[in-house]
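Today I want to look up how the chains meet.

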Amino acid sequence: MKAGDLLTISPLIALTLTPVVVMLFAAFRRSHGLALGLTLGGLAVTFGTLFVSASRTARVVTPLVTMDAYALFFIGLLTVATALVAVLSWSYLGRLRVRPEEYYVLLLTATLGGAALVAATHFASFFLGLEILSVSLYALIVYPVHRADAVEAAVKYLVLAGATSAFLVFGMALVYAEAGTMSAAGVAKLVAGGLGSQQVVVTVGIVMILVGVGFKLAVVPFHMWTPDVYEGAPAPVTAYVATVSKGAVFALLLRFLLPVSSDQSSTLFLALAAVAVASMVAGNLLALRQDNVKRILAYSSIAHLGYLLVAFLASGERAGVAAGFYLVAYFATTLAAFGVITVLSTGDRDADQLSDYRGLGARRPVLAAVFAVALFSLAGMPLTMGFIGKFVIVTAGAGSALWALVIVLVLTSAIGLYYYTRLIVVMYVRRPEELELAGAGPAARVAAAGGAAGVVVLAALTAFLLVFGVYPSPLLRLVEHAVSTLPWP
Amino acid sequence: MASVSLDHALVLAAILFAIGFAGLLTRRNLIVVLACIEIMLNAGGLAFVAAGARWGQADGQVMFLFVLAMAAAEVAVGLAIAIRFRQSLKSLDVDDADEMKG
Amino acid sequence: MLGLLWLIPALPAAGFLALVLLNRRLDRTAAAWIGAGSVGLSALVALLVCGSFIVSPPAGDAYHQVLWTWMDVAGFAPNIGFYLDAVSVLWVLVITFVGFLIHLYSTEHMEHDEGFTRFFMYLNLFVASMLVLVLADNLLLLYLGWEGVGLCSYLLISFWQKDPQNVYCGRKAFIVTRVGDTALIAGLFLLFTQVHTLEIQPMLAAAQESFVPGSAVAVAAALLILGGAIGKSAQVPLQTWLPDAMAGPSPVSALIHAATMVTAGVYLIARTNVLFTLAPDARLIVAIVGTVTLLLAGFSALVQHDLKRALAYSTISQIGYMFLALGVSGWEAGVFHFMTHAFFKALLFLAAGVIIEALADEHDIFKMGGLRRELPAVFWTFTIGAAALAALPFVTDGFYSKDLIIATSLGSVDGNLWFYAGAIVGAFVTTLYSFRLVWLVFFGERHTEVSRRPRRRQLVPLWILAVLSVVSGLIWMPPWLAGFHPFETFLDTALPPIEFTGEYAHFAESALGALVTISVVVVGIGIAWLLWMPWRRGTHAFSESPAVRPLAAYWLGGWGFDWVYERVFVIPVKWFARVARNDLVDHVVDGIAWLNVAAWRTLSAGQTGRLRAYVAVAGFGIALVLAVVVLR
Amino acid sequence: MTILFTIAAVVAVLSTLMVVTRTNLVHALLYLVVSLFAVAVVFYTLGAPFVAALEVIVYAGAIMMLFLFAVMLLNVGADSPLRVPRLAWVGPGILVAVLLAEVVYGLTRQTQPLAGVEVGPQAVSEALYGPYVLGVELASMLLLAALIGARHVAARARDEEEAAESMERARGLSETAGEAPGQGAVDDPGRLTEEGDA
Amino acid sequence: MILLWYILIPAVAAPVAWLLGRSRPALARWTAVAGTTAPLVILAGQWITKASALQATFAARGPGPAGLVAGSWIADVKATWIGSLGISFFLAADGLTIIMLLLTFALGLLAVLASWRGITKNVGVFHLMILWTVAGLAGVFLSLDLFLFYFFFEMMLIPMYFLIAVWGHEKRVYAAIKFFIFTQVSGLLMLVAIVALVVIHGRETGVYTFDFTQLLGTQMAASTAFILMLGFFFAFAVKLPAWPLHTWLPDAHTEAPTAGSVLLAGVLIKIGAYGMLRFMVPLFPDAVHDFRTVALVLAVIGIIYGAVMAYGQSDMKRLVAYTSVSHMGFVLLGVFAWNTLALQGVILQLVCHALSTGALFIMVGGLQDRIHTRDMGRMGGLWQVAPRMGGTAMFFAMASLGLPGLGNFVAEFLILVGVWQVSHWAAVLGAVGLVFATVYALWMMQRAFQGEETHGWSFADLTKREVGMFGAMIAALVLLGFWPQPLITTARQTVTGLQEMTAASSLAQPRPTAEAGDPAAEAAAAPADDASGATSLADDEGAQQ
């Protein structure tokens, strides 16, 4: 690994140093503000190094990692998302009865895991990235240790993650045993070459790898953990799980299994299509009459991954752009939604009961507006990025004639309308005087001071959603540039 | 002769993996569940080493090393969480943890 | 002078607008002056215009005045324009003159009604619509007038809207006539599609060339127009609404349901006679409808208790005569009978109005009686009207017009014995029921006291109409009596003359034919006198006897048409509306919603919250995919 | 060499089966150790001596120790202190004996590894610090994350919760033994050993 | 550039109304009035100045890019919006658009005026929603880029949803969600159809664009064309509403506040008809021809079913809502008849229906403000209490049953004459629908206004403001009844342009009527106007406007 390579992988290095620095400072003086400051500083440096790495020509650094435009784009996305989560968590952690410093360290290591995943072109970096991400998340999920549901969520996540990682390892081993290669290009060649019958072992291997990936993406057969972990984990961590964890893994899936979309009759394609349909249907149906806001968003994220799979299954660069843009839209929307939950949550209970949101339009108009815009974006209504995202996916789907998938997407997103509008109705429609009459439930009292930073972040996110909902061209061009570096057939 | 025995190694790994997964499904004690996960990971490592042996490359063993590291990390956090589990739910039975459903 | 033609309908319309806008600020006299005044002025202008038309007929015996193009859509360009020829002159004169008399009468009759202004508002609108109907130069404008009069008849029938029964009768009238109008509008579509214009004269000319006589299109067009006429002129099968229309005030019955609106059908058929000449079987149907209606209504009139309902059935019967005349292509006879009928029927209704008002709203003729001395003026005018209705020979106008129709029904080119027999029987029955009313109302002992005497403004119209009922017949004397028939020559400029070329033509035209009808009438009067004067109690007992009672009740109810329509049309619609009140299709939509919720319930039950279940589901998913991979 | 492989494989399978089926937790863990030894022997037969050694040192050594510590901490084993009935040693003992025999035989015979070529530690370390150097760094971060995570989860929550507990305990102790509150050594096995930090 | 103003003015006025509303509600109302009257005035100005252009006999020309197919566009604005997907911000206006914009702004103004007293709770946001809907509507009628059309088509949903959900009556939440899902699902299906069309066009010509004028005339297999047409039809049939997809309308109209109902009935459901006229039929003429019989059946069922259901209702507002279903059945008939007469009738019907139903809704809203109920069972004899209201109600009931002399009759007559040339049975059943219309109109009058006054109601008759509104609408309806020519000339070029676009398809030839014995004359009666058989569609030499 030559000296120049260090510059190319400078973002990873920055992401590695930041948690170490935060940890060291925490060892000497435990101050919450300092931890956050360092974290944000580290993330800023990482973002800076992206441009340094971009300027480098040498892309491949050791067979493990390729820092191409695609990787840099997603690392940038992850870094920004982590920064937002960190700011959102600042007020939240203040109210928790646990030491906040480790939280930031774990957050940074998780982001490093994500960055490694995104840049991975080899089983080793793929596996290690995934595991760093998972291990950091175990601790993050159970961060408020005194909460019983956090522990329960962490156990479920840990056991399932462990099991699926085992599947992942075994799958990789099988592929390596048969194909002799562990690099993304090799696997792509295999998949493109058609996993014919003679290479059954390789197909089994890839399927087992998909189990690991499927678990992280929480698509249907592996989606069972999502609602419990979303509900149990603290709100900012849930936001992190829903965005960075899923986004990084999806970016990796796109890079590794790109050619699967070219041959629509292959087993793998049919399997993934079935998973996509099942996710869309189950995700939307499960959320229909759900009363817990975090569980609703959990199920809706399952459905949204189903939509993303449709984009993944569509062939051609247009589909890549669709998936990339939808990911950014999904990031912004989910962060906004969970941001609102975070700001509304108290020390001992997250604001996930419907009664917390009753009449929010009157009590907290700004937060209600942010949540409404986020919900409309999830539903794919115009003026929001969600609309352009859904439109771009439908175009990609129609482009490669995936009519069945597109129709299922359209119909299931209709079911989605019901529970999104149901939340909005709770927020706006109940007249405040009805509220007094009904004796509002223990509406979560919001700690006034801490929420300010969070609200600023939310406002920025909402603006982002609306601006790129109306005029998405610049973002689309950026995603096109990023996706172009992938080896499209 | 060499490849045959290597297939055996893979078969062995598969068997161990299956047993670990079966344990995961049946046993209710959290510690045993963690152990089963370790078994599955170990089987994965074995498969990797076998694959590496076939190609005569060191990659398999390097991957085993990483799997080893991951297993260690997993156990460490797992057991810490197990202790918290015992403290908050007063038992190690995984099925007790069904507060969140629906 | 003819240029003022547009003023005739414009004046009552202006009256209507004035009354609508100034509604609150007008007291009774002002309203009366505007209401009656506008129609009076219109009558005056009509007199001037028609006078100059008669004195110096314009070129082609017709005057066409176009105000503006109503709409111009790719070749379909009807305009708002008026067409005056002999037929419309007659109609305009009758409408405006009789209308004015009735307005005059109403200023007195409706004195104590709190909706006074509203009454004149609707009456003015009615006269305006009727004038537009008869003056329209194209069928679409005619249809506008057609529906306008339908609306006003609804508004006026349900004028006393406090009582829901009146409103029901108004609704029934409007809906039944609307059924007829649907046929008419379908006719309009057919005609426009065939000849590309709805302007009557060019349309008739184009129809003349392009329609093959007797072809399906010709017959269809004629029948559809007949459908419209049947609805408006209350002929079988759409006659059930007219008896109920008596719920309105008497002047309304006089103006709308005797003189003008109900004859709109006759006007329409007369106006589009070319279509009917092209479709002989359509003409046959018109004649059949006429005959059936005149008999059916005649018998019903014979058993009525209510004075106004009896007159209503008699109106249906007389219009049946007009349809019979038109059916046997005696267009001019029908028109002539329209004029004479307008005078004596308006007279009868106005007189009935006075009688009812005098006896404190008592409608039942068996409770009247002996009013000869109490209301002498009404007695004489009513009797003249009844005589004209019965076609008392030589002295009444009814005789001249009805006998002409009876003669035409036999002698004209399409005439035949059946129609003649029907006409004769009808004449006999008409004589019976008209003089039945006279004997029962004015002779015998008195049952109810007379509380109000008719005032002068009520009696003047009565006397004028009585004089007209006598005099108006003389303008068309039958050939065997005298050669004086200026009315026929006047009508020949617009309508084809009656040709007595049937096989019995000679007998029909001769004095002998007339003698038959005259004897029928005289005998009828005699029998009527016998039945209801000396043997009154006997006749009453006979009609109450078990054998006759069901038949009398059947006739009283208008031959069961109402009963049938209620069962066939009204009840199914009401039932469906009640059953499907909250939208059958909605249940389908709710069904889909329920399916979703059921799916949610099952799926969320699957989320047991237990870790091992999660692993099991994941395991099952993996096993499934692996099986597919291995087996495929 | 294949015989060695098969015997080790059989031992591994048997011991893993026993792990899953034993109701007594400690027995299960013992069998797990045996299973790891068996897998180590398999590695040796496959010509990966370095990894075999690692398996024994790290897997059996470190990870199993963690398990035993946890068991001890959670006081789960049939509520008796960590004594293991004599009979329980028989099963694992026999299996380990077999493995020992195999190893001795293998070492003395200098037999050829199954796959023909033996990938020694030297090759592994070349690969490790060649192409996979980034992997090593990432692995180190992985362990760091695990370290911090475990520490946070296991450590006592610093808030007033345990202060309340100590108050309670003080009251309880003063009633019974009249000792000065707040300094009684924590002997409740269920409690966590480490003293809460500052 | 004027076209941009029509969207911007209400869009800008919306937040202003909201902000001002927070301090003083009256200001919000006046901003809303300004937000709707300003574009109305500009539009009227443009209408008059462009009158000559509209009058001129139709010549296949029009401003805008060369690809602009035969049409009478009098102004257009075109800018690329999302270049990579071929989406352009393309607004264009012709006769039909002007009429629809007039309707939008007029009814927007009426909606604001109608809720002058009625709305007291957060007035600012209420007027924000109204102005937002008006801006969305203006966008829909102006946009000629299919994506932009879909964007505005869906964007309008949100404010209307809030209007119903927040300010509605008892079952408002159910009604709002039902309205929202119905329209959104059908909209999404249309989106799939649009995208499929673009993809097919792209694959055929290599150009991926959403510009309607270029997508026109895309050749594709008949079966695919039929499916795509169904996609469009489904969306517009829900909006129209056509028979089986209408169940959202009664709920939405009944539960919406007066302003909401006026906007809904007045303009929102017109988008269905407008969409069919502008996009669906020109894009898939042959598919429309094959689908014609089914559509006519649905329309006729809609007319009669709507009328009978209206008769069956006890809630007055629900009755009026069902009348819209019945009237829109005529529009569906007219669209699928697709000859000049029917199309002119359809455009006229859109305007007259908006006026008559809008007025009825304002009437019922006013009544509800006074006696706090819409149940006709508890009304009766209100004519004695409020004669002026009774008279106006009578007038608009007559308008809704299609009394000649009012605009509705002229529209329905033109439609039925046009339909007669295509299928006799449909025209006759349509005419029978008029009888049913009479039944429900008079039934409503009897139950509410006539009959004995038993419930002891006593309330103020129409206020000056209400008299002004109703007076304007009565004058408009009577004017349209006697002199509809201005509207007809404005729409003439559009109608001829539409016929031109489908001239090459089987839709243009009149269907040979199956009646036996029809003389040869029938075949000679080619489509009423003798539009020159200009086969070549793209012939535009108009310079960039």
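How many residues of chain B are in contact with chain D, and how many of chain D? I found 50 residues of chain B in contact with 54 residues of chain D. Two residues are in contact here if their C-beta atoms, placed from the backbone, lie within 7 Å.

A note on what I'm looking at: this is a predicted model, where local features need pLDDT of at least 70, side-chain atom pairs count only at pLDDT 80 or more, and totals for chains, interfaces and linings use all residues. Residues are numbered from 1 along each chain as its sequence is written, while chains are lettered from A and ligands numbered from 1 in the order in which they are written.

Helices are DSSP runs of H or I with at least four residues, numbered from the N terminus. α3(B) gives the most, with 21 residues. By class, I noted 36 nonpolar, eight polar and six charged residues on this side of chain B. Ala, Val, Leu, Ile, Met, Phe, Trp, Tyr, Cys and Pro count as nonpolar, Asp, Glu, Lys and Arg as charged, and the others, Gly among them, as polar.

**B against A.** Next I checked chain A: the contact takes 34 residues from chain B and 34 residues from chain A. On the chain B side, α1, α2 and α3 of chain B give two or more residues each. The largest share, 15 residues, comes from α3(B). I wrote down 25 nonpolar, four polar and five charged residues for this side of chain B.
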